[in-house]
Each structure stands twice: as structure tokens, then as C-alpha cells.
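Open the model in your viewer and get ready to select residues one stop at a time. Each stop says what to pick and what you will find there.

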There are 2 protein chains.
Amino acid sequence: MNLRTPGPTPLPPHVREALARDMVDHRGPEFAASFSACVAALRRLFRTEHDVLILTGSGSGGLESAVVNLFSPGERVLSVSVGSFGRRFAQVAEAFGVDVARLDVPAGEAAEPSAVAAALAAAATITSVLVTHNETSTGVTNDLPEIARVVRAAERLLVVDSVSAIGAIPLEMDAWGCDVVITGAQKSWMIPPGLTMIGVGPRGWEAHQAARLPRFYWDWTRARKSAEKGQTPWTPAVGLVFALEAALAMIESESLERVHARHRRVGARARAGVADLGLRLVARDQARASDTVTAFWLPDGLSASDARRRLRDEHGVVLAGGQDELAGKILRIGHLGYVDVPDVDEALAALRAVLGATDSIPAPVFARSSRA
Amino acid sequence: MNLRTPGPTPLPPHVREALARDMVDHRGPEFAASFSACVAALRRLFRTEHDVLILTGSGSGGLESAVVNLFSPGERVLSVSVGSFGRRFAQVAEAFGVDVARLDVPAGEAAEPSAVAAALAAAATITSVLVTHNETSTGVTNDLPEIARVVRAAERLLVVDSVSAIGAIPLEMDAWGCDVVITGAQKSWMIPPGLTMIGVGPRGWEAHQAARLPRFYWDWTRARKSAEKGQTPWTPAVGLVFALEAALAMIESESLERVHARHRRVGARARAGVADLGLRLVARDQARASDTVTAFWLPDGLSASDARRRLRDEHGVVLAGGQDELAGKILRIGHLGYVDVPDVDEALAALRAVLGATDSIPAPVFARSSRA
């Protein structure tokens with residue numbers, strides 16, 4: 001199968017070997033070495049001199065951990081949402097009694113940094129901004145450097161859901177002034193889901209000290225303290241840490257710059273291929289279209305479920321459908337992590353066949369991720 | 001290495017193969033089939049006709065999920081604690097503002113069902129009882145059927161931390177009247193850590209409906225609803241679900257009764273071996289000594305860290321040390337999951353050598369888990 005969903009992504013052979021390793025004592029030296037190597041590599045890749053915590057849970061658990069570690073009941077925060085995952089972050093905050101002001105934009109649009117600045121200028125009580133770096137539901141990448149600039153200028157805390165961006169799309173945590181950055185294992189990091197990694201800078205720790213929401217499992221103070229010994233407060237997903245160590249070594253061996261360039265290449269290829277098929281991107285501005293996931297509107301008369309079934313059964317290509325109000329209306333091609341141009345080309349050829357384009361050709365058979 | 005900690009435990013080859021499988025769409029048919037097979041097998045192995053939820057997180061996450069799904073702020077519950085993990089469950093509840101009454105017993109002792117009955121008779125405001133089935137820190141198994149009987153008679157909710165028992169030590173969820181039962185992947189279930197499995201019966205769901213603690217990631221209503229489609233609300237640890245399916249098939253192929261008998265056998269062997277070395281069990285009553293972990297006091301003059309290092313470096317045997325007030329004073333031999341008598345014998349032989357017993361013999365080299 002050519003798994004072209006925006007996470008989980010295919011696994012490199014090195015990662016699959018690491019996953020098959022036998023267990024070790026999670027309080028012993030092998031685990032401590034692997035865990036500490038992961039933390040060190042993640043700090044380099046997050047472009048931060050501060051902390052990166054590794055917690056056992058899904059990316060949504062990472063969002064919850066940010067909420068309960070940073071805020072107090074009734075605290076006012078601004079949610080900058082451009083799709084389903086932006087709304088989810090706001091819902092998590094509201095579930096814990098945080099007072100969420102919303103800056104929502106229609107599906108396909110990116111957030112305007114000037115609108116963020118205006119919202120902050122209008123409400124002095126807002127302490128923090130929640131923003132999605134790359135919106136997986138619409139294939140839109142926000143202008144994070146510029147949003148970070150206006151949030152910094154307004155002296156508020158910046159909490160970034162970069163679950164489907166960092167590691168594939170540039171993010172300079174310290175240089176841009178992102179206070180908290182959250183990601184998930186199954187995205188750019190090329191390993192199975194089950195870990196969430198969270199960068200926390202000095203202003204993040206300051207907010208954490210003041211935060212009064214109840215927490216136990218997700219507590220960052222405990223995580224930081226245990227990490228000093230190469231451990232975690234609770235039994236961690238040991239096998240996923242081994243896998244992460246292998247994947248991070250691959251990323252650093254390719255170099256982060258080349259990984260970014262590869263994602264720009266596959267992103268451009270996906271967008272060109274979709275345009276070539278006469279399909280329209282959900283992203284309204286090409287300059288904000290994502291390099292990790294391409295979402296496009298289905299043509300009239302083609303059912304999303306039929307298209308996905310035919311792509312899968314006849315061509316071995318798995319695409320994602322739409323979420324929430326976009327369900328049944330769009331399809332999404334994931335192209336992040338262990339991916340290169342042939343994987344995208346195969347998906348496009350399959351799509352061409354299913355769309356019944358007149359110049360339809362059989363899907364060429366490429367080796368999966370043949371760059372490896 | 002002969003990993004003889006009470007979790008993580010060694011992995012069977014079938015499980016390691018499953019872990020090395022490539023990723024699939026977590027909203028697609030392969031995942032749904034595997035997830036639903038796991039749920040069906042777990043219901044049989046929990047001995048329940050009700051729900052078993054599978055959440056991505058550590059066992060401690062499972063404890064937190066029980067607290068936030070079952071209780072309201074200020075609600076009064078009874079914690080029956082016989083060691084570190086009993087205290088942890090109480091700490092989780094207190095972290096969320098639950099009012100915890102404590103019935104603590106000294107390390108090595110089991111809880112007296114009559115004391116539980118008396119505590120409940122004395123406090124009509126207590127709605128629920130938190131109890132540890134098997135205390136991993138001391139190697140003591142509580143008399144759960146009898147505790148369940150008195151909690152049922154008092155008409156309170158019974159919430160069981162069976163993280164290190166169920167699947168190795170008998171637990172009849174429905175027949176005994178356990179309302180909520182929590183376990184973790186890396187114990188009897190022979191897979192790496194990262195999943196927590198939670199049985200919830202009708203009275204558990206009733207308490208859940210009334211519970212007002214804030215929750216999002218751990219929400220059981222969302223988990224139950226998604227499970228109807230063979231899915232999870234958030235991206236699950238896909239690889240661990242594949243591994244769990246393989247492990248559950250092994251357990252059912254061996255039969256739960258034979259798995260229980262094997263754990264009785266290895267437990268008896270560990271206790272006999274420890275006694276033979278002149279060592280004293282932490283468990284004060286042999287009848288309550290655990291069949292999944294054996295804790296024993298170190299003889300005077302032997303340092304725990306030295307003993308563990310020599311066991312590991314000279315004999316390839318990894319034992320666990322003590323926790324909290326038992327740190328430095330005890331060692332623990334884990335014998336749950338993928339284990340049989342030769343694994344325990346090898347650990348005992350290594351221990352004999354390290355203790356410098358006069359009839360010391362070199363540790364025999366057995367194939368790991370040679371029963372497979």
C-alpha cells in the first residue's frame with residue numbers, strides 16, 4: 001500500500017528494526033541513553049536551547065498537556081483557528097474551563113497576522129495565543145514567523161500546534177519566539193503514533209509555574225525532573241523511543257535543510273499534479289499551501305468514499321477524506337516524513353485513473369519511498 | 001538479557017513481528033479489524049460482557065482516566081493502599097480535587113476486607129473505593145474477590161487498579177462485581193508500554209454520566225463512541241494495537257486457565273528459590289504473595305545498586321529495586337507475561353552467585369522463555 005494519509009506515515013526499515021527490538025528496563029542504562037539521545041536531537045531539530053519533553057500519548061494528548069500545564073481556570077486565551085485541528089485545540093482549552101476568544105477563518109484560508117495583532121490589541125486580558133502551524137484538515141500553513149512576531153510584540157505567550165509541520169516545514173523555536181511547540185510521533189518523525197514531543201521555552205515555564213489547572217499524568221515539572229536522569233515519570237512507550245532515536249538519526253544524517261527541501265519538492269509536485277488534473281486546492285493562496293498535506297475539492301459527481309475505495313482497491317493508494325464540514329467534499333494527499341516524489345507521482349497517477357481523465361494511464365509501480 | 005522487571009517484560013517473537021509491520025490508515029479497515037479483535041478478546045479475558053476501552057498512554061494514564069471520568073470535585077472516595085501504586089492512585093485523585101479517605105497498611109501486608117467494610121460503614125459519604133489488585137512495589141496480591149464482596153454489599157463503586165494482575169492472576173470482572181478495571185500493555189499482555197486498557201461496567205458508566213471533572217483526551221464517552229466503528233477519538237498507537245492483537249491470540253491459544261497456572265508455577269518457584277537462598281519475602285503472608293512479582297529484603301551488608309549491577313553485568317539478569325521507602329532495601333523479580341520456570345531459575349542462580357552463597361554455581365544458560 002502507498003499510505004498517503006497525513007499521518008500515520010510509512011515507516012523506514014531502520015525504524016521497523018528498532019520497533020522489533022526486545023524490551024529493556026525503562027529505568028536502566030539502555031533506555032536512558034536512547035531517551036537522552038532523542039531529547040538532544042529534538043532540541044537541535046526544534047532549533048531550541050531549551051527543553052523538549054517526550055510524553056506517551058497522541059498529539060491530542062500533547063495539546064491537552066499544553067492546556068493543563070499553562071493555564072488557570074477562567075484564564076482568557078486567543079485561539080487562532082483555520083480548520084478542524086485549530087478548533088480542537090480551542091475545544092481542549094474550553095473543556096478545562098479556559099475562556100477562549102476565537103479568531104476563526106473560513107476553510108482554505110490562512111490566518112492574517114494583522115488580525116491576530118488587532119485581536120490582541122483589543123483585549124488586554126488575553127494572556128496567550130493558541131495557533132496551528134500547519135492545518136492538516138485543509139492543507140494550509142500559517143505564516144508562523146509573522147504571527148510569532150506580532151504575538152511577541154504584544155508580549156503574550158505563543159503556544160504552537162506544530163503537530164504536522166515541524167520536522168518537515170521550517171520552525172525556529174527560539175529565533176521566532178515560540179514559547180511552546182507541540183508535535184506528534186506519526187508525522188514528520190516517521191514513527192508510529194504514541195508519543196508527543198513538546199518544546200518549552202523560558203516563558204512557557206514561567207506560565208507553567210503560575211498555572212493552576214489540575215494535572216498529574218501530563219505534568220511537565222515531573223517530566224523535566226525525570227528527564228534529567230534519562231527517565232520519564234510513568235512507564236514510557238519504550239519501543240517508540242527506540243524508533244524515534246533511529247528516525248532522528250536519519251533526519252540528521254539527511255540534514256534538516258535537505259529534509260525541508262524534500263518536503264518543498266513533494267509539496268510542489270502534489271500541487272502541480274492536482275492542478276494538472278483540473279482539480280482545485282482547498283488552500284486559497286498557493287503561497288500558504290502546505291508542503292506536508294495537499295487538500296483538493298472533489299469534482300461534481302464523484303463520491304469521496306467511492307473515490308477512496310477505488311484508489312485503495314484498484315491502485316493500492318490510501319488517501320484521507322475530509323473532516324467535519326469538509327467530509328465528503330475533499331480528499332487529502334499526505335506527503336510528509338518518509339516520502340519522496342515517486343510516492344506522490346504514484347498517488348497522482350492513481351487519482352488520474354479514478355477520475356477517468358481522458359489520457360488515463362495505468363499507475364506506474366514505484367518502489368515505496370525509493371529515495372532510501 | 002533476562003529482563004526480570006515487573007514490566008516492561010520480554011516480547012514474544014510474534015509480538016516483535018507485529019511491531020515491525022508498516023503503518024496503515026488508523027481510520028481504515030485493517031486497523032478497525034485489529035482494534036475490534038483486541039476489544040473482543042479483552043472482553044473475554046476481563047471476563048466481562050461490558051466495555052473494554054483501549055487508550056493510548058501509560059498505566060498511570062489509565063488511573064488518571066478513571067479519576068477524571070468517574071468523579072466530581074470534592075467527591076469522597078476511599079483509597080485502599082498497600083504500597084506505592086496504591087498511593088499513586090490516591091495522589092491522582094487528590095490532584096484533581098477528589099476528597100480521598102485513606103486506608104493504608106504497612107508495606108508487605110495485604111488489605112483486610114473487614115477493614116474496608118468498617119471504613120465504608122463509618123462513612124456514608126464515600127461513593128467509591130480505589131483498590132490495587134496486585135501491588136507491584138511489594139509483591140502482594142489483595143484478596144480482591146472478598147474486597148469486591150464487601151464493597152458490593154455496601155453499594156459503592158469499585159475501581160480496581162489491576163495493572164500488574166489481570167491476564168496473569170484471575171479477575172472475574174462481572175462475577176465479582178468490579179465496576180472499573182484498569183491494566184497496562186507492558187504487564188501480562190507481553191507488549192511494549194503505551195496502551196492502557198480499561199473495563200467499564202454499567203455502574204461505572206452511571207458514575208461517568210454524573211462525573212463533572214474536566215476531561216478531553218481521556219474521555220470515555222468519546223472512546224466508546226469511536227470504538228463502535230473500530231476507531232479511537234485521537235490517533236492511536238497503531239503498532240501497539242497490532243502487537244496486542246498478536247499477544248491476545250497467544251494468550252487465548254494457551255488458554256487463560258493455563259496462563260494463570262503458569263503464573264502460579266513461576267510465582268511458587270520464585271518464592272521457593274528466594275527462601276532457599278535464606279532471603280525473606282516482603283509479603284508477610286505467603287498466601288497473599290504475588291504470582292507476578294516477588295519482592296525480598298536484601299541481606300545486611302549487600303547494597304541494592306551493587307547487587308543489581310553485578311546481576312546485570314556478570315549474569316545478564318535485570319531485577320528491579322525498591323520504590324519510595326523501600327528503595328535500597330529490597331529487590332524485585334518480575335515474572336509475568338512471556339515467562340516460564342527456566343527464566344526464574346536463571347535469575348535465582350544469578351542471585352545465588354551474587355549473594356556468594358557457599359554452594360554457588362554458575363548461572364545456567366537457558367534460552368529466554370524456552371516454553372515458546
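**Stop 1: a leucine in the core**

Which residues does A:L244 touch, not counting residues up to four places away in sequence? Select A:L244 and you will find A:C38, A:A185, A:W189, A:I191 and A:L195; here two residues are in contact if their C-beta atoms, placed from the backbone, lie within 7 Å.

Before going on, note that this is a predicted model, where local features need pLDDT of at least 70, side-chain atom pairs count only at pLDDT 80 or more, and totals for chains, interfaces and linings use all residues. Residues are numbered from 1 along each chain as its sequence is written, while chains are lettered from A and ligands numbered from 1 in the order in which they are written.

A:L244 and B:L244 are the residues with the most contacts inside the largest nonpolar core, which has 244 residues. Such a core is a set of buried Ala, Val, Leu, Ile, Met, Phe, Trp, Tyr and Cys residues joined through C-beta atoms within 7 Å. A residue is buried if 20 or more other C-beta atoms lie within 10 Å of its own, exposed if 12 or fewer, and partly exposed in between, with C-beta atoms placed from the backbone. In soluble globular proteins, nonpolar side chains tend to be buried together.

**Stop 2: two chains side by side**

Now colour by chain. Chain B can be laid on chain A by a turn of 180° and a shift of 0.0 Å along the axis, with an RMSD of 0.0 Å; the superposition is by least squares on the C-alpha atoms of residues with pLDDT of at least 70 in both copies. The two copies are thus related as by a two-fold rotation axis. The same surface serves both copies, as 100% of the contact residues of chain B recur in chain A.

Select the contact between the chains: 43 residues of chain B meet 43 residues of chain A. On the side of chain B that touches chain A, α1 (13-19), α3 (59-70), α4 (84-95) and α10 (238-254) of chain B each supply at least two residues. Helices (H or I, at least four residues) and strands (E, at least two) are DSSP runs, numbered from the N terminus. The largest share of that side, four residues, comes from α3(B). By type, the residues on the side of chain B that touches chain A divide into 22 nonpolar, 16 polar and five charged. Ala, Val, Leu, Ile, Met, Phe, Trp, Tyr, Cys and Pro count as nonpolar, Asp, Glu, Lys and Arg as charged, and the others, Gly among them, as polar.

**Stop 3: a four-stranded sheet**

Go to chain A and show the strands in the order β1-β12-β13-β11: these four form an open sheet with mixed pairing. Two strands pair if DSSP finds at least two bridges between them. β1 (2-4) and β11 (293-297) of chain A stand at the edges, each with a single partner strand, so one side of each is left without a neighbour in the sheet.

Walk across the sheet pair by pair:

- β1(A) and β12(A) (residues 317-321) pair in the parallel sense over three bridges; A:L3 stands opposite A:V318, and A:R4 has A:L319 as its bridge partner.
- β12(A) and β13(A) run antiparallel, joined by two bridges; A:G321 is partnered by A:L331.
- β13(A) and β11(A) pair in the antiparallel sense over five bridges, with A:A295 opposite A:R332.

Is β12(A) mostly covered or uncovered? It is mostly covered, with four of its five residues buried.

**Stop 4**

Axes are lines fitted to C-alpha atoms, for helices over the stretch in contact, and angles run from 0 to 180 degrees between N-to-C directions. Helix α13 (residues 341-355) of chain A touches β1, β12 and β13 of chain A, and its direction makes about 90° with that of β1(A).

Pick A:A350 in α13(A). A:A350 counts as buried, with 24 C-beta neighbours inside 10 Å.

**Stop 5: the loops**

Finish with A:P8, in the loop between β1 and α1 of chain A. A cis peptide bond joins A:G7 and A:P8, with omega about -5°.
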